[in-house]
Amino acid sequence: MEGTVLDPAGGSPGATSASVMHRVRGVWRRRWVMLGVALGVTALTAAWTLRQPRIYASSTSLIIDVTAPRILDGEVKEVMGEERSNYWFNKEYYATQSEIITSRAVASRVVDRLGLAKDASFLGLPANQDPAERAKALEDADPVGLLRSRIQVVPGKDSRVMNIGVEDVDPARAALLSNEVAAAYMAENLALKLRTTEEARTWLEGRLDELGRQSKAGEMAVYDLKKDADMLSTSLESRLSIVSERINSYNLKLTEVRTRIAAQQARVDAIHRLRRDAGNDETWAEAVPGAKDGPIQDLKSRYGEQKAACAELTERYLPEHPKLLECNRKLDVVRADLLKSLSNVVRSAETQLAEAQGEEKNLNKLLDETKAEAFQVNKKAIEYGRLQRESDNNQRLYELVLKRLKDIELSGLLRTSNVRVLDPAQPAMVPVRPHTRRNLMVGWVMGLLLGLGVALFLEMLENSVTSQADVEDVLGLAFLGVVPRMEATKAPGDRDLYVHRAPRSAVAECCRAVRTNLLFMSPDHPCKTLVVTSSGPQEGKSTTCINLGVAMAQSGNRVLLLDTDMRRPRLHRAFGVPNDLGISSLVVGEGSLDKAVKSTEVPNLFVLPCGPLPPNPAELLHTRAFKELLRTAGEKFDRIILDSPPLNAVVDAAVLATQADGVVMVLKAGRTDRSAAKRALRSLADVQARMFGAILNDVDLRQPRYGDTYLGYQGYGPTQDEPKGGVAPS
């Protein structure tokens, strides 16, 4: 036997096209709600629109140039005359002009000129207002802010045209205000220019005085520096050149002296070595450089001659001879003169060395003094350059500010403006607000959207099972079919046997369709025992059980209906059979199955009543005796249908589901709660019950939601069978 053995309470994994169409049909079913909301919103919009005052608008066109007409020479620039050729600069400029037009300064000019602060009509005050209240209202009013709220600036596309629009309840006053706003803007623009020029002139005058004092102070500082540096006739550059020449001369002289000192030092060192090497020989000085000069040579010649003469006398005379003594005396004198002359040569060399060294020292001192003077001159030159630059800068700034001040004084005398009127405003006789047609269209569209939202909200609030899409998408069950609603005037007995008494009715056709769907779910292994249950009471499970049994009996099967609802049994009343012997009796061993089974007026349909109500129905249905009863009944009948209690009320149906081939869930259209149905299915899934599907019961085919979906169930042909007993079909 095939079926579903999973958790049906989980529903479908996602939205399907059927569920979407179900939502769409649900919204369409509430189309009158949507239409009512749309009409209500439209009516409110119309009433609100008709109560609004008529607003008229007038516009003045201005041409705004970036700069005013150039009258003065191009060298004379105005304070606010900056040229703008870049696109973004121009865009910023025109945006600034728009802000100026709507500013409080411009609006204040218009209010003061026209006396709008005392105009009750402009301020919107009632004509018949009490004088005291009117005075208080005039005092509290803000005419400037009110006028600003009515001004609209619309720049012309790709042009220098600016449109100034003003709205008012009076068309003539709207035109007047528009023209006055344009005139006030032009006046404010010119006043701003003059005010800026005056502020610039005042600032430049103060700056000119300050720069004059700074320039004079700089010139005096330069003068004082020249005086301190003794620069009355010679410039610092010339003086620095002279000092540099002196330094160069000293360096050359110092080089020469140091060369001479080196030579003299070498000579003196040589003389000292000769003296040290000669020992007691006093003739060492003859080897001194310079000893061969004329006077010294004469002395050497005399010394030689005298020495030769003494040698001759020595040979002829004794040492004590007077001539020899006289000769030796003369020889000593000549020798002393010679040695003295040679000593003078040595002292002359040492003196020349000392003189050269003294000259070197003096030259070094002069060079240091000259360098110090050069550094001082350089320092004075730096300070002089700084003071001279400051003086020149101050003088240049002074001349620049003076020239700019003269330009501003000249440009301030001009009264030219870069704004001119293109088209003055004219009174318009057609109001611009309220837009009746547009408001009504907007109200209608908003009403439709609101109505759609209300319809969707109501559809979302509906939590009951109403259609096949709910059964398949929300509950995840196979849809076996629908059972149309029967008229409420029918008696309970007629309603239970309606399929038998009206075999050609829509209810009978639907029950046969359910029967066919059940049989074709598993044609090779047809179901033997079937449990019919519901999530809660009053959902039509007993009536559906009877109608399904009648439909199966009409197909030629021997069908047995078991009333397993041992708390509120109903099948014995539907067929009018006694309930003294039934299932509870057979389970406890009283009576037999043949005696307990009752025949009905429907051929091949039999019923086994509940019997006396037991105190423990669930335990009774779980006994081996009940299972044996089902097995025995299965041998004698082709189909066994069990009418069980609701799943959410008691556990009897879950117990029966484990002993039957499958379960059919009965759902009452528009009443069975989805969450309750999911709880019931979850209890069946917990016991691994096999689900065949669900039957949607009590479907009102006259409702719009079912009109096109189940149109075929409303009957085919002009006539239908009426149930026996004169009861009309539903």
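Strands E8 and E9 (residues 605-608) pair in the antiparallel sense over two bridges; helices (H or I, at least four residues) and strands (E, at least two) are DSSP runs numbered from the N terminus, and two strands pair if DSSP finds at least two bridges between them. Within this pairing, Lys598 stands opposite Val607 in E9. As a general point, strands of a sheet pair through backbone hydrogen bonds, either parallel or antiparallel. The model described here is predicted, so local features need pLDDT of at least 70 and side-chain atom pairs count only at pLDDT 80 or more, while totals for chains, interfaces and linings use all residues. Residues are numbered from 1 along each chain as its sequence is written, and side-chain values use heavy atoms, leaving out hydrogens and water.

The pair E8 and E9 belongs to an open sheet of eight strands with mixed pairing, in the order E5-E12-E11-E6-E10-E7-E9-E8. Strand E5 (479-484) and strand E8 (598-599) stand at the edges with a single partner strand each, so one side of each is left without a neighbour in the sheet. Helix H17 packs on this sheet, touching E6 (529-534), E7, E9, E10 (639-643), E11 (662-668) and E12 (691-699), where contact means heavy atoms within 4.5 Å. The direction of H17 makes about 170° with that of E10; axes are lines fitted to C-alpha atoms, for helices over the stretch in contact, and angles run from 0 to 180 degrees between N-to-C directions. Helix H24 (residues 674-686) lies across E11 and E12, and runs at about 170° to E11.

Turning to charged side chains, a search of the whole structure finds 23 salt bridges, each being a side-chain nitrogen of Lys or Arg within 4 Å of a carboxyl oxygen of Asp or Glu. One of them joins Asp565 to Lys541, with the closest N and O atoms 3.6 Å apart. Asp565 lies in the loop between strand E7 (559-563) and helix H18 (571-575), and Lys541 in helix H17 (residues 541-554), so the pair ties together parts that are 24 residues apart in sequence. Asp565 is buried at 6% relative accessibility, and Lys541 is buried at 8%; buried means under 20% relative accessible area, exposed over 50%, and partly exposed in between (1.4 Å probe, protein chains only).

In helix H22 (residues 624-636), Glu628 and Arg631 lie three residues apart, about one turn of the helix, and form a salt bridge at 2.1 Å. Arg631 also meets Glu635 in a salt bridge (2.6 Å, N to O). Glu635 is exposed, at 58% relative accessibility.
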